[in-house]
Amino acid sequence: MISSPALDPTRLAKLREALLAASYTADGCLDLLGPTGYAALARSEAVPALRATRGGSPLETLVRLFLLQQPVPYKAAAAALPVEDCLTDGWLRPDGELVRATVDIRPYANEVAGLPDSDAWVVSDLGCAVGGAGGIGSGETAHGVARKDLVLGVGGASSTLASITVRRPVGSVLDLGSGSGVQALHAARHARRVTATDLNARALRFTELTLALSGFDNTEAAVGSLFEPVGERRFDLIVSNPPFVISPAGRFTYRDGGMAGDDLCRSLVRSAAAHLEPGGYCQLLANWQHVRGEDWHDRLAGWVAGTGLDAWIVQREVQDVAQYAELWLRDGGDHRGPGGDYRARYGEWLDAFEAGRVEGIGFGWITLRAGGAEQPTVRVEEWPHPVEQPLGPHIEEWFDRQDFLRTHDDAGLLAARYVLADEVVQEQVGAPGAEDPEHVILRYHRGMRRATTVDTVGAGFVGVCDGTLSAGEIVDAIAQLLGEDRVVLRDRMPESLRLLTEQGFIRPVA
């Protein structure tokens with residue numbers, strides 16, 4: 001097996017300086033390749049980028065070397081990098097009069113909500129930064145590495161998790177199943193200490209390279225499965241892009257959890273409470289089975305039941321079992337192998353799903369919080385619609401609003417004052433020429449980008465909801481204006497207040 005490059009702090013600092021000097025950053029590569037070339041590269045299409053990097057500048061050399069993984073002349077590499085250090089430490093290897101990269105070094109805009117952007121780099125195996133393991137073809141080895149031990153770079157799932165994570169200054173973060181270190185990289189910017197764990201020792205080595213090359217020294221790594229490496233330690237934030245793929249065999253460490261069905265994700269949820277500090281969050285991506293005869297909402301709520309944790313579970317998409325099998329067979333490169341092998345493995349997936357009465361596979365986000373409530377809030381919903389990223393701040397606000405709703409009865413809701421959230425618009429729907437609309441719709445263009453229908457009272461309420469008057473006072477004024485019984489309106493308004501507050505259309509004033 002090919003080992004990862006050496007972790008020499010002094011030489012890593014020199015390499016980082018060279019990358020910055022050449023503008024080998026996310027912005028620098030976008031400027032060089034242009035939107036078309038950059039987008040094509042994300043689709044694993046290299047021709048536009050090859051055409052844009054024919055000039056021989058240090059930046060063009062680095063893009064060819066690490067992003068496009070092309071050999072470059074030794075002289076060109078020496079003009080862009082401390083080339084002898086890179087050869088000695090294993091970042092490059094000689095190829096006649098040329099040099100080649102041994103790893104993928106990908107510029108990464110380390111964005112954290114509320115903090116200025118920071119240049120960083122993610123180190124992964126060759127060919128695995130885009131397109132998963134399928135990007136390097138079929139076979140049991142790739143570039144001298146056993147396929148089961150491959151370390152992937154930045155993918156859609158890791159970017160999604162980074163965007164939905166609650167970001168606030170904390171003391172400790174656990175990145176469970178760190179892979180190439182994308183989540184640890186984000187966490188290192190707002191935590192005093194980050195602990196990265198992975199079952200694959202080779203992945204932890206790449207995490208260490210990613211963090212060190214990006215200039216962070218507040219991390220530690222521990223090998224092991226799930227929470228086993230951290231014992232009984234507790235954290236302010238736990239993030240995990242776990243090996244959640246529901247497969248009949250654990251072929252690839254980076255994606256297959258090795259447990260039956262969706263037991264790995266369920267186990268993570270059930271175990272999180274024992275490792276969260278009070279007020280701490282656990283956020284993960286997950287797959288879950290839709291089992292014949294079971295309501296998937298109830299099934300997932302059962303994962304959380306008895307943990308004492310607040311939970312918000314959002315299903316983003318559902319695939320039928322055939323689509324799901326095809327997706328992950330392509331990810332593993334099986335479609336490029338012998339046709340008989342592909343059909344046999346496809347059949348294994350379908351056999352396993354049939355035996356488990358599985359009709360579909362859901363994908364989504366799970367956010368847990370150690371809120372300490374006697375009756376935790378557990379919300380399970382489907383939301384396949386576009387959302388605003390980063391979503392982390394909106395998720396944190398959602399949990400804060402649950403605390404408010406949990407501690408306010410109907411009288412308390414009416415006594416509270418509220419303000420209308422920014423970027424809420426009102427739409428009226430009705431027949432052309434009609435005097436009154438059939439429906440009034442509130443649409444919130446931030447966060448989850450929800451919409452809800454309100455009646456005349458609800459529309460009137462949000463129209464004057466500026467935090468000056470209590471909800472009850474506004475309702476009384478509306479009752480007088482409409483000539484309706486104020487007691488009747490007061491009785492029915494708390495239900496609307498709960499809905500509008502939970503979904504973020506209005507916010508309570510402290």
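**Exercise 1. Aromatic pairs**

Task: How many aromatic pairs does a search of the whole structure find? Then classify the pair Tyr444 and Phe505 as stacked, edge-to-face or tilted.

Solution. 
- The search of the whole structure, a predicted model, finds 14 aromatic pairs.
- Take the ring centres of Tyr444 and Phe505: they are 6.2 Å apart. The cut-off for a pair is 6.5 Å.
- Now the planes. They stand at 50 degrees, so the pair is tilted. Stacked needs under 30 degrees, and edge-to-face needs over 60.
- Tyr444 belongs to strand E18 (residues 439–444), and Phe505 to the loop between helix H18 (486–502) and strand E21 (506–508), so the pair ties together parts that are 61 residues apart in sequence.
- Check burial. Tyr444 is buried at 6% relative accessible area. Phe505 is buried too, at 0%.
- One aromatic cluster is formed by Tyr281, Trp312, Trp398 and Phe399.

**Exercise 2. Arg450 and its surroundings**

Task: Over which ring does the charged end of Arg450 sit? Is Arg450 buried or exposed?

Solution. 
- Locate Arg450 in the loop between E18 and E19.
- The charged end of Arg450 sits over the ring of Trp383, 4.9 Å from the ring centre. The distance limit for such a placement is 6 Å.
- With a relative accessible area of 8%, Arg450 is buried. The cut-off is under 20%.
- List the contacts, leaving aside neighbours within four places in sequence. Arg450 touches Trp312, Glu381, Trp383, Leu442, Arg443, Tyr444, Gln503 and Phe505.
- Tie this to Exercise 1. Tyr444 and Phe505, the tilted pair, are both among the contacts of Arg450.

**Exercise 3. Ala451**

Task: Where does Ala451 lie, and which residues is it in contact with beyond four places in sequence?

Solution. 
- Ala451 is in strand E19 (residues 451–454).
- Its relative accessibility is 38%, so Ala451 counts as partly exposed.
- Beyond its neighbours within four places, Ala451 is in contact with Ile441, Leu442, Arg443 and Phe505.
- Take Ile441 from that list. Ala451 and Ile441 are 10 residues apart in sequence, and their C-alpha atoms are 6.7 Å apart.

**Exercise 4. Nonpolar cores**

Task: Which residues have the most contacts inside the largest nonpolar core, and which strand gives the largest share of this core?

Solution. 
- The largest core has 76 residues. Ile366 and Leu368 have the most contacts inside it.
- Strand E12 (residues 276–291) supplies the largest share, seven residues.
- Look at Ile366. Leaving aside neighbours within four places, its contacts include Cys282, Leu284, Ala286 and Trp288. Trp303, Trp312 and Ile313 are also among them.
- A second, separate core has 36 residues, including Tyr24, Leu41, Leu59 and Phe206.

**Exercise 5. Cysteines**

Task: How many disulfides does a search of the whole structure find? How far from Cys265 is the nearest cysteine sulfur?

Solution. 
- The search finds zero disulfides.
- For Cys265, the nearest cysteine sulfur is that of Cys282, 11 Å away. A disulfide needs sulfurs within 2.5 Å.
- Cys265 is buried, at 1% relative accessible area. Cys465 is buried at 5%.

**Exercise 6. Backbone features**

Task: Which residues does a cis peptide bond join? What is the phi of Ser44, and what is the phi of Gln69?

Solution. 
- Start with the background: most residues other than glycine have a negative phi, and most peptide bonds are trans.
- The cis bond joins Gln389 and Pro390, with omega about 5 degrees. Pro390 lies in the loop between strand E15 (378–382) and helix H14 (392–406).
- Ser44 has a positive phi, near 65 degrees. Ser44 is in the loop between helix H2 (26–42) and helix H3 (47–52). It counts as partly exposed at 47%.
- Gln69 has a positive phi of about 55 degrees. Gln69 lies in the loop between helix H4 (58–67) and strand E1 (72–73). It is partly exposed at 24%.

**Exercise 7. The whole chain**

Task: How many helices and strands are in the protein, and why does it count as being as compact as a globular protein of its length?

Solution. 
- Count 18 helices and 21 strands.
- The radius of gyration is 26 Å, close to the 24 Å that the globule rule gives for 510 residues, so the protein is as compact as a globular protein of that length.
- Of the 510 residues, 49% count as buried.
- Take contacts between residues at least 6 apart in sequence: 71% join residues at least 24 apart.

Notes: Residues are numbered from 1 along each chain as its sequence is written. This is a predicted model: local features need pLDDT of at least 70, side-chain atom pairs count only at pLDDT 80 or more; totals for chains, interfaces and linings use all residues. Side-chain values use heavy atoms; hydrogens and water are left out. Rings of Phe, Tyr and Trp (its six-membered ring) pair if their centres lie within 6.5 Å; planes under 30 degrees apart count as stacked, over 60 as edge-to-face and the rest as tilted. Helices (H or I, at least four residues) and strands (E, at least two) are DSSP runs, numbered from the N terminus. Buried means under 20% relative accessible area, exposed over 50%, partly exposed in between (1.4 Å probe, protein chains only). A charge sits over a ring if NZ of Lys or CZ of Arg is within 6 Å of the ring centre and within 35 degrees of the ring normal. Contact means heavy atoms within 4.5 Å. A nonpolar core is a set of buried Ala, Val, Leu, Ile, Met, Phe, Trp, Tyr and Cys residues joined through side-chain atoms within 4.5 Å. The radius of gyration is taken over C-alpha atoms; the globule rule is 2.2 Å times the number of residues to the power 0.38.
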